[in-house]
Amino acid sequence: MTAARRLLIVLMNTDPRNAEELGAPFYYAAVAAAMDHQVDVLCTAAAGRLMHKGVAETLHVKPDDPKTVYDWIKEA
(Lines give C-alpha, C1' and ligand atoms only; values in the text may rest on other atoms or scores of the structure.)
Protein backbone atom coordinates (compact mmCIF):
# COMPACT_ATOMS: atom_id res chain seq x y z
CA MET A 1 0.00 0.00 0.00
CA THR A 2 1.39 3.43 -0.91
CA ALA A 3 0.90 6.64 1.00
CA ALA A 4 -1.33 9.31 -0.51
CA ARG A 5 0.65 12.17 -2.00
CA ARG A 6 -2.06 14.77 -1.71
CA LEU A 7 -2.39 17.66 0.71
CA LEU A 8 -5.46 19.79 1.34
CA ILE A 9 -4.95 23.06 3.20
CA VAL A 10 -8.07 24.92 4.29
CA LEU A 11 -7.79 28.59 5.13
CA MET A 12 -10.87 29.30 7.19
CA ASN A 13 -11.30 32.18 9.60
CA THR A 14 -7.99 33.60 8.38
CA ASP A 15 -8.56 37.28 7.79
CA PRO A 16 -6.52 38.93 5.04
CA ARG A 17 -6.28 42.03 7.26
CA ASN A 18 -3.86 40.00 9.40
CA ALA A 19 -1.41 39.10 6.62
CA GLU A 20 1.11 37.55 9.04
CA GLU A 21 -1.21 34.53 9.30
CA LEU A 22 -1.08 33.93 5.56
CA GLY A 23 2.57 32.99 5.04
CA ALA A 24 2.68 29.60 6.75
CA PRO A 25 -0.17 27.82 4.90
CA PHE A 26 1.17 28.84 1.48
CA TYR A 27 4.73 27.98 2.54
CA TYR A 28 3.59 24.49 3.56
CA ALA A 29 1.77 24.14 0.25
CA ALA A 30 4.89 25.13 -1.71
CA VAL A 31 7.06 22.67 0.23
CA ALA A 32 4.59 19.83 -0.32
CA ALA A 33 4.37 20.65 -4.03
CA ALA A 34 8.18 20.59 -4.25
CA MET A 35 8.01 17.08 -2.78
CA ASP A 36 5.67 16.04 -5.64
CA HIS A 37 2.49 16.09 -3.57
CA GLN A 38 -0.67 17.30 -5.22
CA VAL A 39 -1.73 20.33 -3.19
CA ASP A 40 -5.09 22.07 -2.98
CA VAL A 41 -5.60 25.25 -0.97
CA LEU A 42 -9.20 26.05 -0.16
CA CYS A 43 -9.92 29.63 0.92
CA THR A 44 -13.28 30.08 2.64
CA ALA A 45 -15.03 32.78 4.65
CA ALA A 46 -12.85 35.87 5.10
CA ALA A 47 -9.85 34.15 3.47
CA GLY A 48 -11.91 33.90 0.29
CA ARG A 49 -11.24 37.61 -0.24
CA LEU A 50 -7.70 36.63 -1.25
CA MET A 51 -9.15 35.25 -4.47
CA HIS A 52 -10.48 38.65 -5.54
CA LYS A 53 -8.23 40.25 -8.13
CA GLY A 54 -5.89 42.80 -6.57
CA VAL A 55 -6.28 41.77 -2.91
CA ALA A 56 -3.38 39.32 -2.48
CA GLU A 57 -1.15 41.56 -4.63
CA THR A 58 -1.38 44.35 -2.05
CA LEU A 59 -0.67 42.25 1.06
CA HIS A 60 2.74 41.46 2.55
CA VAL A 61 3.36 38.80 5.21
CA LYS A 62 6.11 40.97 6.69
CA PRO A 63 6.17 44.77 6.31
CA ASP A 64 9.72 44.93 4.91
CA ASP A 65 9.39 41.91 2.60
CA PRO A 66 8.92 42.79 -1.08
CA LYS A 67 7.19 39.43 -1.61
CA THR A 68 3.40 39.73 -1.65
CA VAL A 69 0.83 37.19 -0.55
CA TYR A 70 0.10 36.72 -4.27
CA ASP A 71 3.75 35.69 -4.73
CA TRP A 72 3.30 33.12 -1.94
CA ILE A 73 0.15 31.82 -3.65
CA LYS A 74 1.94 31.44 -6.99
CA GLU A 75 4.75 29.49 -5.34
CA ALA A 76 2.25 27.18 -3.67
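Lys-53 sits well out in the open: with 85% relative accessibility, it counts as exposed. (Exposed means over 50% relative accessible area, buried under 20%, and partly exposed in between, with a 1.4 Å probe and protein chains only.) Its place is the loop between S2 and H2. Its C-alpha is 13 Å from that of Asp-71, a residue 18 places away in sequence.

A word on the ground rules. This is a predicted model, so local features need pLDDT of at least 70 and side-chain atom pairs count only at pLDDT 80 or more, while totals for chains, interfaces and linings use all residues. Residues are numbered from 1 along each chain as its sequence is written, and side-chain values use heavy atoms, with hydrogens and water left out.

**The core**

Now to the inside. The largest nonpolar core has 14 residues. (Such a core is a set of buried Ala, Val, Leu, Ile, Met, Phe, Trp, Tyr and Cys residues joined through side-chain atoms within 4.5 Å.) Leu-11, Leu-22, Phe-26, Leu-50, Leu-59 and Val-69 are the ones with the most contacts inside it. Strand S1 (6-11), helix H1 (23-34) and helix H2 (69-75) each give two or more residues to this core.

Setting aside neighbours within four places in sequence, Leu-50 touches Leu-11, Pro-16, Leu-22, Phe-26, Val-55, Ala-56, Leu-59 and Val-69. Contact means heavy atoms within 4.5 Å. As general background, nonpolar side chains tend to be buried together in soluble globular proteins.

**Helix H1 and what follows**

H1 brings Phe-26 to the party, and its buried residues are Gly-23, Pro-25, Phe-26, Ala-29, Ala-30 and Ala-32. They pack against S1, S2 and H2.

Just after H1, the backbone does something worth a look: Asp-36 takes a positive phi of about 65°. It belongs to the loop between H1 and strand S2 (38-43), and Asp-36 is exposed at 64% relative accessible area. Ala-45 also has a positive phi, of about 55°, without being a glycine. Ala-45 is in the loop between S2 and H2, and is exposed too, at 56%. For context, most residues other than glycine have a negative phi.

**Salt bridges**

The whole structure holds 5 salt bridges.

| Pair | N to O distance | Relative accessible area |
|---|---|---|
| Arg-6 and Asp-40 | 2.5 Å | Asp-40: 26% |
| Asp-15 and Arg-17 | 2.5 Å | Asp-15: 18%; Arg-17: 70% |
| Lys-67 and Glu-75 | 3.0 Å | Lys-67: 22%; Glu-75: 47% |

The salt bridge between Arg-6 and Asp-40 links distant parts of the chain, with Arg-6 in strand S1 and Asp-40 in strand S2, 34 residues apart. Asp-40 counts as partly exposed.

In the remaining row, Lys-67 is partly exposed, and so is Glu-75.

Which residues make the nonpolar surface patch of about 380 Å²? Leu-8, Val-10, Met-12 and Leu-42 do. (Patch members have over 30% relative accessible area and no salt bridge; nonpolar side chains, from Val, Leu, Ile, Met, Phe, Trp and Tyr, are joined within 5 Å, and like charges within 9 Å. Areas come from the Shrake-Rupley method with a 1.4 Å probe; for residues, only the protein chains shown count as cover.)

Leu-42 lies in strand S2 and is partly exposed at 42%. Met-12 sits in the loop between S1 and H1 and counts as exposed at 52%. The C-alpha of Met-12 is 6.4 Å from that of Cys-43, 31 residues away along the chain.

Key:
Helix = DSSP H or I, 4+ residues; strand = E, 2+ residues; numbered from the N terminus. Salt bridge = Lys/Arg side-chain N within 4 Å of Asp/Glu carboxyl O.
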